[in-house]
Amino acid sequence: MRSWSLIPGAVLILGACTVNEDPAAGGFVSGVAGVTTGSFQARVDALEGEAESERARQASLEAQIAGLERDLTTLKLQLSQQRSGLAASGVGVPAALDQSLNQTLTATPGGQTDAEKLAALQTAISSAESLSAELAGLAS
């Protein structure tokens, strides 16, 4: 008779348990419910999808950065050639412009994050293009 009196208490205790779909936050009852209903697998699939999306975004950023680094290298080579061409034709480069050229040619844009690195490269390319235009103006 005594064992029958424990059943309502056990039912009340189990009834008060809430089922959580997060396996890290749930207990045994949540684990059993998650496995049997498939909610754990759905959560795993969703998280794997998010991770794959993030990997694709990262790969895209890395490709953008690599492209900008190539563009900057090409512009630096162009600036060096323009400077050499001006010197060969006897055209002097003003000191302030020459200093800017030196800074641009020796600078290595970077940043803590990919977004910062991307912005720094874009700024450096813009600056190099501007310097190139100035040198072209001196040549004419």
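Helices α4 and α5 are oblique to each other, a class that holds the angles left over once those under 35 degrees (roughly parallel), over 145 (roughly antiparallel) and 65 to 115 (roughly perpendicular) are assigned. The model is predicted, with local features requiring pLDDT of at least 70 and side-chain atom pairs pLDDT 80 or more, whereas totals for chains, interfaces and linings use all residues. Residues are numbered from 1 along each chain as its sequence is written, and side-chain values use heavy atoms, without hydrogens and water.

The axes of α4 and α5 come within 11 Å and cross at roughly 140°; axes are lines fitted to C-alpha atoms, for helices over the stretch in contact, with angles from 0 to 180 degrees between N-to-C directions. This crossing of α4 and α5 is left-handed, meaning that the near helix is turned anticlockwise from the far one by less than a right angle. On the α4 side the contact (heavy atoms within 4.5 Å) is made by L97, S100, L101 and T104, and on the α5 side by S127, A128, L131, E134, L135 and L138. Helices are DSSP runs of H or I with at least four residues, numbered from the N terminus.

For α3 and α5, the axes come within 9 Å and cross at roughly 20°. These two helices are therefore roughly parallel to each other, and the crossing of α3 and α5 is likewise left-handed.

The largest nonpolar core has 16 residues, of which L72, L79 and L135 touch the most other members. At least two residues of this core come from each of α3, α4 and α5 (114-139). Such a core is a set of buried Ala, Val, Leu, Ile, Met, Phe, Trp, Tyr and Cys residues joined through side-chain atoms within 4.5 Å. With residues up to four places away in sequence left out, L135 touches L79, Q82, R83, L86, V93, L97 and L101.

S132 also lies in α5 and is buried at 8% relative accessibility, where buried denotes under 20% relative accessible area, exposed over 50% and partly exposed in between (1.4 Å probe, protein chains only). Q78, L79 and Q82 are touched by S132, again not counting residues up to four places away in sequence. The side chains of S132 and Q82 make a polar contact at 2.8 Å; the term requires a pair of N or O atoms within 3.5 Å, one able to donate a hydrogen and the other to accept it within protein, and residues adjacent in sequence count only if both atoms are side-chain atoms.

G90, in the loop between α3 (39-88) and α4 (95-106), is exposed, with a relative accessible area of 63%.
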